[in-house]
Amino acid sequence: MADSAKLTYQDKTVELPVVVGSENEVGVDVSKLRAQTGIITLDDGYGNTGSCLSGITYIDGEKGILRYRGYPIEQLAEKSSFVEVSYLLIFGELPNADQLQEFREHLTQHQFIHESMRHHFEGFPPTAHPMAILSAMINAASCFQPQLMKFEDDASFADSVARLMSKVRTISAASYKQSIGQAIMYPRFDLRYTSNFLYMMYGRPNLDYEPDEDVVRALDQILILHADHEQNCSTSTVRMVGSSQANLWASVAAGVCALWGPLHGGANQAVIEMLTEISASGESCESFVRRVKDDPDTRLMGFGHRVYKSFDPRAKILKAACDKVLDKLGVQDPLLDIAIKLEETALKDEYFVARNLYPNVDFYSGIIMRAIGIPLNMFTVLFAIGRIPGWIANWREVHLNPKARIYRPRQIYTGETARDYVPVQQRQG
Ligand code: SDX
């Protein structure tokens, strides 16, 4: 007999089926609760609510475990590449040599954006945030290939995957070039994914530019670490939009907007702004931590997580990479010293310990992006480029689910009860 849970409300008790996942996570299936009892569950922020069954990414927040399709993030970060990890997340298995080569060629084949799109960038003010441009241009790109709006088969899905993954790089680099008044660079056919992005960011028409291998490796690892993270805010947004059978490009464009928030992907930019402010003011880390504890509007950005109640494994990898990358590049960054001191101070403080607040992926990623020359307002764009394969994999999981239903949560209404219309002449005040 499958396990079940009992729920009693007033004089009624119902038995609810229990679902156990492959890592022994247990969920009470309440999909029939309202029909059986007339009541619903309420869970502000969905901290206790599973929205789906998913086979893509597993997180154990207590043990600091993160696996993509069963592979530990530590092994993928050390041994794999962003393109290979993207294939793994989207298609479910590590590619063999031929599959990997074919995927790479597909990405190279689709790296250009339609020539007419180049003029769209001129329509944005130079001060436009690149996340606004990225979201808008992802939808714009799909308008040039209407066949991307639907997938009849695996081949057309794979085609759209390569186009989306490849073009977000070109769009992002072009938005940066436009913002600094430099010529937009065409991608090269002889460079791989991450190298080509760096070339489009820093290359100049009249200048030979070859991306530094250490920089390429550091950025590729950052993209791997950001590639997926189960049902986070932006991925849930992509699934929500995809559940209405909106196309992949519209769903991912919505994910970009959700990621932009400073509580989510925008935190990497907010961390550097916080560290820069501390550095400029000369405030001690102890004093800043006191302010965080005393002022509910001051947060230690890059700390805390809804799921990780111990170290975010990605933060551990990035912290180790900081030393290595800055050393290799001969970069001294006072913000790294402040970050390390802040971490030490916070992890000894009861306020953070009692709330299980540890560094998350955003706490150290910005230090490395600064060291490799990524401009501050592009940090969250890099997060988005990294997260594209995870969003695609989750959108596909919704799309392929034969029992998929449109996401439509309920609510508990707390507004005015019924009342009659009052003509304007009779209204008070
Ligand atoms: C990402 O979900 C994902 O997987 C996201 C992500 C991914 O890969 O997709 O991992 C990427 O978004 C990482 C998180 C980046 N955001 C930040 O670094 C912003 C700072 N952190 C927080 O705002 C916060 O920790 C969240 C948003 C990350 C989590 O928020 P929760 O789970 O809603 O926690 P909460 O706000 O309810 O906080 C619980 C307590 C509160 O104190 P009390 O009311 O109990 O007194 O902890 C406090 C909060 O005030 N708290 C913090 C804090 N984070 C939580 N206090 C100071 N500084 C912080 N950073």
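Modeller: Ala, Val, Leu, Ile, Met, Phe, Trp, Tyr, Cys and Pro count as nonpolar, Asp, Glu, Lys and Arg as charged, and the others, Gly among them, as polar. In this predicted model, local features need pLDDT of at least 70 and side-chain atom pairs pLDDT 80 or more, whereas totals for chains, interfaces and linings use all residues. Residues are numbered from 1 along each chain as its sequence is written, and side-chain values use heavy atoms, without hydrogens and water.

Colleague: How many cavities of 30 Å³ or more does the count give?

Modeller: A cavity is a set of points on a 1 Å grid over the protein atoms alone where a 1.4 Å probe fits but cannot get out; lining residues have an atom within 4 Å of a point. Points join across faces, edges and corners, and volume is the space filled by probe spheres set on them. The count here is two.

Colleague: Which residues line the largest cavity?

Modeller: Its volume is about 50 Å³. Phe 112, Ile 113, Glu 115, Arg 118, Thr 170, Ile 184, Met 185, Tyr 186 and Pro 187 form the lining. Six of these are nonpolar, one is polar and two are charged.

Colleague: What classes of residue line the second largest cavity?

Modeller: The second largest cavity holds about 30 Å³ of space, and its lining has six nonpolar, three polar and no charged residues. Phe 121, Phe 124, Pro 125, Pro 126, Ala 128, Ile 133, Ser 175, Gln 178 and Ser 179 make up this lining. Helices are DSSP runs (H or I, at least four residues), numbered from the N terminus. Helix H7 gives the largest share of the lining, three residues.

Terms used
1 Å grid on protein atoms, 1.4 Å probe; cavity = no way out; pocket = protein on both sides within 12 Å on 5 of 7 lines; lining within 4 Å. Helix = DSSP H or I, 4+ residues; strand = E, 2+ residues; numbered from the N terminus.
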